[in-house]
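I opened my notebook to get to know a new chain. Here is what I looked up, step by step.

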Amino acid sequence: MKRLIVRATSICAAYVGFTALAMSPVMAQTNERVPLTLEEAVREALEGNHQLRVDRAMAEVAGAAERSATSRLLPSVDLQSGWVRSDDPVAVFGTRLRQGAFTQADFDLNTLNRPAPLTDWSTAVTATWTLLNPAGWAGSSEAGSRATAASWSLQRSTEATHLATEALYLDLLRTEARVEAAIRAEEAAQANADLFTRREAQGLLTRADLLQAESDRAHASAVKIQAER
């Protein structure tokens with residue numbers, strides 16, 4: 001219910017903005033009004049809708065959670081590399097032993113006690129893959145469902161905003177057309193009343209005809225005021 005209230009408020013705010021843009025007397029008098037196309041109205045509504053921002057962020061979070069849960073089920077490869085340089089007799093002896101690089105000269109007592117510095121590179125690659133992981137598969141499935149739900153929610157919110165904006169925009173165009181038609185009708189009724197006034201003064205029409213013309217003019221003015229409201 002709270003989400004519906006927020007969206008309704010946003011839609012009402014958009015309607016007020018459209019109406020202010022279309023009906024502003026200052027802009028109408030100075031001829032500075034810039035028409036807002038339907039595409040522009042929809043784009044501004046989508047960019048300025050705070051609820052859409054929340055839904056978009058929730059969809060991104062759900063998608064990241066799904067990728068994280070799925071990655072735990074995939075094979076992993078670890079690469080370790082090390083570098084050692086030492087002249088410690090024990091370290092040098094052990095390194096040469098691991099490398100299998102002993103020569104007859106290496107067994108000289110002086111060489112064993114005071115070896116030259118030796119550099120050793122080591123690299124290890126480890127691959128792991130846990131096939132039997134019921135909890136992991138269940139977590140991945142749940143995360144996927146949450147991501148799908150969030151994506152659908154975002155899509156519905158986007159479509160609802162698009163349709164609501166389009167409806168308001170078309171309603172504004174209809175209102176503008178009604179106002180324009182009412183203004184023209186009032187002008188025509190006023191011109192008709194002026195004509196009847198001259199002809200009544202000339203004795204070509206009766207007082208009743210003039211009163212009917214005045215009544216039509218008053219009705220047209222009332223219709224215009226209602227349309228402007």
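**Ground rules.** I am working with a predicted model, where local features need pLDDT of at least 70, side-chain atom pairs count only at pLDDT 80 or more, and totals for chains, interfaces and linings use all residues. Residues are numbered from 1 along each chain as its sequence is written, and side-chain values use heavy atoms, leaving out hydrogens and water.

**Layout.** I found eight helices and two strands (DSSP runs, H or I of at least four residues for helices, E of at least two for strands, numbered from the N terminus). Along the sequence they run α-α-α-α-β-α-α-β-α-α.

**Burial.** Of the 229 residues, 23% are buried (under 20% relative accessible area; exposed is over 50%, partly exposed in between, with a 1.4 Å probe and protein chains only).

**Core.** Which residues make up the largest nonpolar core? I listed Leu-52, Ala-59, Ala-62, Ala-147, Ala-150 and Leu-154. Such a core is a set of buried Ala, Val, Leu, Ile, Met, Phe, Trp, Tyr and Cys residues joined through side-chain atoms within 4.5 Å. Helices α4 (50-71) and α7 (134-201) each give two or more residues to this core. Beyond its neighbours within four places in sequence, Leu-154 is in contact (heavy atoms within 4.5 Å) with Leu-52, Asp-55, Arg-56 and Ala-59.

**Surface.** Is Leu-79 buried or exposed? Leu-79 is exposed, because its relative accessible area is 62%. I placed Leu-79 in strand β1 (residues 76-86).
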